Every structure is written in structure tokens, then in C-alpha cells.
Amino acid sequence: MSKGVYFYTNQFLKYDMGAQHPLKPTRLERTHDLLAAYGALDHVEVREPAKVPLEDLSLAHSAEYIETVDRLSAGEHVPFPFRYGFGYGDNPVFPDMWDASLLYTGASLDAAQAVLDGAPVAMNISGGLHHAHWDRAAGFCVFNDCVVAIHRLRRKFARVAYIDIDVHHGDGVQEAFYADPSVLTVSIHETGQTLFPGSGFVREVGVAEGTGYSVNVPLWPYTDDETWYWAWREAAWPIIQAFKPDAICFECGTDAHYLDPLARICLTAQGWLRAVTDVMGLQVPTVVLGGGGYNPTTVPRMWALAFAQAFGVSLPNETPETYALHDRIPLLRDDEEPPIAPHDLAQARAHARQTVAEVKERLFGHHGL
Ligand SMILES: [Zn+2]
């Protein structure tokens, strides 16, 4: 059986939206260094990714948008860049935007191709930029590498499941395959009532032939490990199993962690890992991608845990003393419970019960459940 493949290059760090921006490229470097300190990279084949060919990128974005990203990145004047999602705030134009975006998208495409070539698992922590739309940047995402990777998986695999455990709704991916029954999109996230991008409600079930193949499990702020995993197991998991995917594209954003500054779902690293363990346990060819995560001490340890699960490597809970950030990130797992007020927890549980009931009512019939 061929080895798992992990894609990395220091060039990923050029995806840098500025010192004040919450998306810090150092989270990738810190994760990579942690894996290296553990010796975990010896268990996989480490490959340098290539930039995505325009032919593949064109499956996810309009020619006009792709050209606009190139021109903005080169410093050319483009009238009304807001039309394409660019401007101050979430999606500033940054130096190297074109090259860096082609590279992380290329890494996800290469990961998909590695799976086509027989790797059981291929991972790209720079990927998972699930908010980019057909002709618009959004939510720190320029190109939607998930969509590009799924199109490549579809060359060989008839049924592909896109599974997204980032705290934000995977809107760009859902939109791309909304009418396509060969791609099941499943997203568990903080509700669009309280969080960007404001979508991902249970009623978004797909259109035309794709009806029933878009699954959303929105949860209320302060949802804890137990409630999150209950909703995952009750609503998302039976549909994933019934769909019987031939391949999986797995978006592993870590921002549902209780210490993440951008959202209010309250998971521990080990609580989040239970869903990762379920997905990897399916033993289906899988592309594992990164995604959100804005606390620089939680992201590296959560992706190290996901790496260990994805490639079947066992890592001691205590991080190696040779790791430069050992003092700041001493353990992979959390050793305390997130503090949640009883009435917030009660509200989160009530919302989860309502969401699960609605998913069952609207979607289980489509899947023979
Ligand atoms: Zn996110």
C-alpha cells in the first residue's frame, strides 16, 4: 500500500494579508515545525506542490475573476475591486497574492491527484479556503482550492463527499456543487444567524438533481464538545454513511475551538478530533485540507492531531522539548474545560436539538434513512 502524502513549501507563507489581518501564515509554519519536531513527517512522503494550472482553476472561477486577481496582484488599477470581493478588511490585495494563491490551490489539486494515483490520504494544510466564490473573493479566500480538488477527484471517483468541520459554513463549495448529486457537501458550523458568511441553514438542501445532497448542521454559540458531537453523529454522520462516498475532501478548519477569537463554538481539541477520527475511520481515499483557525497556539496542535489521525501516526500528548514553541504549546490536547455559562449551554443544546430534528425531517428520506 502506498504511503500518505503531505504537501508543504515555505512559499505558502507568502499568502500574507498583512500584520493586522487575523489569517497569519505563521500557523502553517508552526504546524509544520511541530510535525517535524515529533518526527511525524518520516511517516509520510513530503512533496513540494506545484502552482495550479489555469485549466483546473477555470473549473472553479470565471476567466474574468482569474484575470482580475492577476492584475490586482501585479499592482494594476482595476476599477471597483469591491465587485470582486477585494478591498480593505477581509480581503485586502497583498503582494504575491497571485503566486501564493496559485500555489495553495495547486497543493490541494496535487493532493487530489496523489489520491487518484493511489495514496490513501493526502494532506495540504494551506488549503481549505472554502469561502471563495465563482467570481468573488470572500472570507480571506481568493481561490477555492476545495472546489478545484473535488473536480479532480471526480475524474476517477463517482461519488465524492465534501465534509467541512470549520466553524464557518462552507458556502463556496456548497454553491459550486449545489445542483450536483455526485458531490455531497456536509458542513457543521456556527449558525449564519450569528456568524459570517450568514448562510448554511438546514433549508439549503440543494436544487434540481442536487436536491438532498447539500447538508447543513448550524449550531448556536457556546455549543460544547458533547452537544457538537451529538449533532454531528445524529444529523451529519448517517447521511455521510448512507451516501457511501468513493472519495472524501475534508476541510479541517480549527476555528470551532473555544479559544478561537473569530467565533463562539466552544470545542476542545480532543472534542473536535472525534469527528476527524470518524471521517478517517471510513478508510476512503481522502484529501485532508486545512481551513480557518486564528489562535496561533491552538491551530498547530489541532492540525498535528489531525495529521496523526489521518496517517495513523501516534504522537505523545506532550510536545517535544526541541519544538521552539514547546513552552507555549506544551500539550496537543486541552487540559481544561471551556468555561460556559449554564444558560448559554442550555440555549446551545436546545438549538442543536432543533437543528437535528430539522435535518432528519428534510434530508433523511432522500437517503433512505
Ligand atoms: Zn472558518
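Q: Which residues does Phe94 touch, not counting residues up to four places away in sequence?
A: Phe94 touches Asp16, Met17 and Gly18. Touching here is a contact, which requires that the C-beta atoms of two residues, placed from the backbone, lie within 7 Å. This is a predicted model, in which local features need pLDDT of at least 70 and side-chain atom pairs count only at pLDDT 80 or more, while totals for chains, interfaces and linings use all residues. Residues are numbered from 1 along each chain as its sequence is written.

Q: How many residues apart in sequence are Phe94 and Asp16?
A: Phe94 and Asp16 are 78 residues apart in sequence, yet their C-alpha atoms are 6.9 Å apart in space. Phe94 itself is in the loop between α3 and α4. Helices (H or I, at least four residues) and strands (E, at least two) are DSSP runs, numbered from the N terminus.

Q: Why does Phe94 count as partly exposed?
A: A residue is buried if 20 or more other C-beta atoms, placed from the backbone, lie within 10 Å of its own, exposed if 12 or fewer, and partly exposed in between. Phe94 has 19 C-beta neighbours inside 10 Å, so it counts as partly exposed.

Q: Why is Phe80 called exposed?
A: Phe80 has 8 other C-beta atoms within 10 Å, and is therefore exposed. Phe80 is also in the loop between α3 (63–73) and α4, and has a positive phi of about 50° without being a glycine.

Q: Why is Phe140 called partly exposed?
A: Phe140 has 19 other C-beta atoms within 10 Å, so the label is partly exposed. Phe140 lies in the loop between β3 and α5, and its phi is near 75°, a positive value.

Q: What makes β2 and β6 the edge strands?
A: Eight strands form an open sheet, ordered β2-β1-β3-β8-β7-β4-β5-β6, with parallel pairing. The strands β2 (45–47) and β6 (214–219) each pair on one side only. Neighbouring strands of this sheet are turned by 15° against each other on average, direction ignored.

Q: Why do strand β4 and strand β5 count as a pair?
A: Two strands pair if DSSP finds at least two bridges between them. Strand β4 (residues 160–164) and strand β5 (residues 183–190) have five bridges, in the parallel sense. For Tyr162, the bridge partner in β5 is Thr185.

Q: Which strands does helix α5 lie across?
A: Helix α5 (residues 145–154) lies across β4, β5, β7 and β8, and runs at about 170° to β7. Such angles run from 0 to 180 degrees between N-to-C directions, along lines fitted to C-alpha atoms, for helices over the stretch in contact.

Q: Which residues in α10 are buried?
A: The buried residues in α10 are Ala348, His351, Ala352, Thr355, Val356, Val359 and Leu363. They are on the same side of α10 because they cover an arc of only 140° around the axis; the arc is that of the directions from the helix axis to the C-beta atoms. On the other side of α10, the exposed residues are Pro342, His343, Ala346, Ala350 and Glu361. The cover over the buried residues of α10 includes β6 and α7 (225–243).
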